[in-house]
Amino acid sequence: MILTDFDYARPAGLDEAVALLTGTPGARVLAGGQSLLPDLRAGSDSARLLVDIRRLAGLRGTTRTADGRLLRVGALTTLADLASDPLVLAEAPELAAAARANGDPQVRNLGTAGGNLAAAGRPTDLPAAAIAAGAVVELAGPGGRSTLPAEEFAARGAPADAVVTALLVPAAGPAAAFEKSADRATRYPVCAAAVRITPDGPRIAVTGATPRPLRLRGVEDRLRGGPYDTEAVLAAFRAEPRELFVPGRGTSAEYLGHLAGVLTARALQRAERALA
Ligand SMILES: Cc1cc2nc3c(=O)[nH]c(=O)nc-3n(C[C@H](O)[C@H](O)[C@H](O)COP(=O)(O)OP(=O)(O)OC[C@H]3O[C@@H](n4cnc5c(N)ncnc54)[C@H](O)[C@@H]3O)c2cc1C
């Protein structure tokens, strides 16, 4: 049952989409609909106008930028395409694995990278991978194009008057991984950890167990230079404040901190093996 009335628009271009979002209070972007439509049906969200961006050109697919250093993942790239794209598998494997771990085949076939990043209030998978990768979110808004580090985007949420157009991801080769413990009923992460091993040390981000997708700088500092064996990683997590982890259904902060440590250790070890 849809509880609220709303209008529907299918803009022909990005400028028109932004004008609709700016000019209509309560306007919402509609991409794959895999979060928005269930939320409207359940009454946990409302919209005055759905701005359907699915036909906008140039927002689908992954390419390498001219200098070779970044992957440009279009916001309308489906999670299924992201999970199986050879370029993403080779240069940002944590992103491909996060997309592959997402929901079920139907959700992955319809859900988009931009929607997974922008779905506010949900413990989604992709933001953790984007944060660990040091990715940047590209937006089109009333002031033109802008960019925001994925970590800041996760903290602030998607601006109401802007369209996410792409995710810009540093190309890193195989030294990255993503590990998830999924809620059996919903497939959302109880906890998931994304890691990327860089010359400056590991980058680590978690989702599900924390209030929002979060980079764990304290753990990174303790693990700089390695080793990444499970005991060392768990010790680094034990030294973190427990308030980082928010107890959910049947879980305690201690349990979630331990789970995050185990998943991070697995991811670091997987990334190390891929490098060898
Ligand atoms: C059964 C089920 C299981 C799921 N399991 C998981 C899971 O395991 N892990 C996980 O992470 N997610 C999971 N999801 C959520 C799903 O992956 C996301 O809902 C989906 O990726 C969102 O993308 P979408 O294109 O469908 O976005 P939509 O539902 O269309 O939009 C979601 C939100 O993002 C906004 N939005 C969408 N695209 C843009 C854009 N380009 N610019 C600005 N705002 C935008 C919309 O306005 C809305 O607020 C699950 C969903 C279902 C139904």
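Which element gives the largest share of the shell around the ligand?

Author: Happy to. Please keep in mind that this is a predicted model, in which local features need pLDDT of at least 70 and side-chain atom pairs count only at pLDDT 80 or more, while totals for chains, interfaces and linings use all residues. Residues are numbered from 1 along each chain as its sequence is written.

The answer to your question is α7, with four residues. Helices (H or I, at least four residues) and strands (E, at least two) are DSSP runs, numbered from the N terminus. Around the ligand there are 32 residues, and Gly32, Ser35, Gly111, Gly114 and Gly115 come nearest; here a residue is near a molecule or strand if its C-beta atom, placed from the backbone, lies within 6 Å of it. Two or more residues of the shell come from each of β2 (27–30), α2 (36–42), α6 (105–110), α7 (113–118) and β8 (163–170). Sorted by class, the shell holds 16 nonpolar, 13 polar and three charged residues. In this sorting, Ala, Val, Leu, Ile, Met, Phe, Trp, Tyr, Cys and Pro count as nonpolar, Asp, Glu, Lys and Arg as charged, and the others, Gly among them, as polar.

Strand β2 runs parallel to β3, and four bridges join them; two strands pair if DSSP finds at least two bridges between them. Leu30 has Asp52 in β3 as its bridge partner. Between β2 and β3 the chain passes through α2, and this β-α-β crossover is right-handed, meaning that, with the strands pointing away from the viewer, the path from the first strand over the helix to the second runs clockwise. Strand β3 (residues 49–52) also pairs with β1 (residues 7–9), in the parallel sense over three bridges, and there Leu50 stands opposite Tyr8.

Now to the other sheet. This one is open, with four strands in the order β9-β10-β11-β12 and antiparallel pairing. Its edge strands are β9 (176–182) and β12 (214–215), each pairing on one side only. Strands β10 (residues 189–198) and β11 (residues 201–207) are joined by seven bridges, and Arg196 has Arg203 in β11 as its bridge partner. Helix α8 (residues 126–133) packs on this sheet, touching β9, β10, β11 and β12, and its direction makes about 160° with that of β11. Contact requires C-beta atoms, placed from the backbone, within 7 Å; axes are lines fitted to C-alpha atoms, for helices over the stretch in contact, and angles run from 0 to 180 degrees between N-to-C directions.

Methods:
Two residues are in contact if their C-beta atoms, placed from the backbone, lie within 7 Å.
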